[in-house]
Amino acid sequence: MTDSRVVTGISLAGLILFWWAAALLTADPTILPEPGALIAPFLRELASGDLLYHLGQTLVRVAWAFLLAMGLGLALGLAMGRSERLNRWLDPWLVVFLNLPALVLIVLCYLWIGLNETAAILAVTLNKVPNVTTVIREGARAVSPELDAMARVYRMSWWTRLTHVTLPQLAPFIAGAARSGVAVIWKIVLVVEFLGRSSGIGFKIHMYFQLFDVTMVLVYALSFIAIMLAVEWAILQPWERRVRRWRTA
Amino acid sequence: MGDPATLGTARAPLADGMIRVEIKEKRFGRLPVLSHVAFEVAPAETVAITGPSGIGKSTLLRIVAGIDKEFAGRVDTPARIAMVFQEPTLLPWRSARENLTLVHPGLTRAEADAALARVGLAEKAGDFPGQLSLGQQRRLALARAFAGRPELLILDEPFVSLDPETAETMIALTEALIKEARPATLFVTHSETEARRLATRILSLRGSPATLAPHAVPIKGVNP
């Protein structure tokens, strides 16, 4: 545990060193500023409240899209994994949506619904639902028929069956879908903001892109990366350890 | 599902509490497995079903238990059914105590602990099934079956793949619990000795498709 943390720390320090060396070789701060040059603009944005406002906007969109995509994907994946008939009917749809480029869905949502919050969140959700569904469906197919039979004989209520028999079996798949889900969703949210919102990290990156301000693009991007890493380490990984507790006990 | 005409019906038990099984036919695809299997189990009676491996004993139990509903015929069973499977079939992600209280929501913590103590698992209430030995897991499965005070208990080769000593402990425990709770019991085994020891009556499945052999005679002189 501590060993792997040391390695992670050294590895990240190496990345910053690499960046610093690259900045030194480029010798042009408008193309690649050295890491230290980001601190002052970062503190300025933080103090003005701009950074926190836009971080907040993006996080809310990520949270909504994540919850909707996980909820819908879980329900669909479970239904398709349990019913071969439903799967035969819905699988072609799934394949179509899996192969629809994120950009196409985003543009279509904006065109059909308008440049608003609903369209933005819907576009991100629709991009992620097929992946979650595919992963959960695999898990649902592997659900133990013996435990199913046991639950039926003892007439367990559907809620108890779902929460204590089915979902624990799906936990590794849910955790996998959640982790890859968060990673993909926040990236798509930035694109959605870039294309059609007037707040959020994606919007700020769009703005500084038009000003060719590499420093500010990096300040906003890195701040958000830091937040998403914190979510991964502080929420997702501990949760995964908790649901896996019975395996290692 | 399938053609409604081919589906079996499970109906509420009659007032006398008898368990009635009338299976006209059970097929897997086009292969008939069971044909004209009809018998009754009276309250507190223990009936063993014997027969060679693969003849359809487990299929018969699954129909009686209500797990398999695709058959022609009808089965009348009481509301409270418990089943002990060939494998312990526990929830590995829940503690031993939760394995009882989740399956039987009416069970209090104290009752669950008493049920665990009855099978010698008093110390293990907080352990996950994976921390228990196979023998302990089977005893937990037995505790789970009896905790619901079943009117019908179904045992599907519960002593198979156990070493002789553990099997003996399990058989003795099962025997004692059946005596205490007195459910109607239906159990499958391919061991004639087990059948003679626990059962008041033995039915044997023979042939293909399997049907009940005619020599279904009482063996302990218990005539319900």
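## Two chains, one contact

In chain B, 69% of the contacts between residues at least 6 apart in sequence join residues at least 24 apart. This is a predicted model. Chain B is built from six helices and 10 strands. Of its 224 residues, 42% are buried.

Chain A is built from helices. There are 11 of them, with zero strands. Its pattern along the sequence reads α-α-α-α-α-α-α-α-α-α-α. Buried residues account for 31% of the 249 residues in chain A. The C-alpha atoms of chain A fill a box of roughly 70 × 50 × 30 Å along the principal axes. Here, 72% of the contacts with a separation of 6 or more are between residues 24 or more positions apart.

Now look at how the helices of chain A pack. Take helix α6 (residues 117-141) and helix α8 (residues 158-196), both in chain A. Their axes are 9 Å apart and meet at an angle of about 160°. Angles over 145 degrees count as roughly antiparallel. That is why α6(A) and α8(A) are described as roughly antiparallel to each other. The crossing of α6(A) with α8(A) is right-handed. By class, the residues of this contact are 16 nonpolar, seven polar and two charged.

A second pair is helix α2 (residues 39-48) and helix α10 (residues 214-243), again in chain A. The angle between these two is about 60°, and their axes lie 10 Å apart. The crossing of α2(A) and α10(A) is right-handed. On the α2(A) side, the contact residues are A:Pro41, A:Phe42 and A:Glu45. On the α10(A) side they are A:Thr215, A:Met216 and A:Val219. These residues of the α2(A) contact with α10(A) comprise four nonpolar, one polar and one charged.

An unreviewed entry annotates residues 55-237 of chain A as "domain: ABC transmembrane type-1". In the model, that span is 89% helix and 0% strand. Its end C-alpha atoms lie 22 Å apart. The unreviewed entry also carries the annotation "transmembrane region" for residues 62-81, 93-113 and 217-236 of chain A. Residues 62-81 of chain A are 100% helix and 0% strand, with end C-alpha atoms 27 Å apart. Residues 93-113 of chain A are 86% helix and 0% strand. For residues 93-113, the end C-alpha atoms are 21 Å apart.

Back to chain B, and to one residue. B:Ala38 sits in strand β3 (residues 31-41) of chain B. A residue needs 20 or more to be buried, and 12 or fewer to be exposed. Leaving out residues up to four places away in sequence, B:Ala38 touches B:Val21, B:Glu22 and B:Ile23. B:Asp76 is 38 residues from B:Ala38 in sequence. In space, B:Ala38 and B:Asp76 are 11 Å apart, C-alpha to C-alpha.

Last comes the contact between the chains. Chain B gives 18 residues to the contact, and chain A gives 14 residues. The side of chain B that touches chain A has 11 nonpolar, five polar and two charged residues.

Definitions and conventions. Residues numbered from 1 in each chain as written. Chains lettered and ligands numbered in written order. Predicted model: local features only at pLDDT ≥ 70, side-chain atom pairs only at ≥ 80, totals over all residues. Axes fitted to C-alpha atoms, helices over the stretch in contact; angles between N-to-C directions. Helix = DSSP H or I, 4+ residues; strand = E, 2+ residues; numbered from the N terminus. Left-handed = near helix turned anticlockwise from the far one by under 90°. Contact = placed C-beta atoms within 7 Å. Nonpolar A, V, L, I, M, F, W, Y, C, P; charged D, E, K, R; others polar. UniProt positions renumbered as here; feature names shortened; annotations may be inferred. Parallel < 35°, antiparallel > 145°, perpendicular 65-115°, else oblique. Buried ≥ 20, exposed ≤ 12 C-beta atoms within 10 Å, placed from the backbone.
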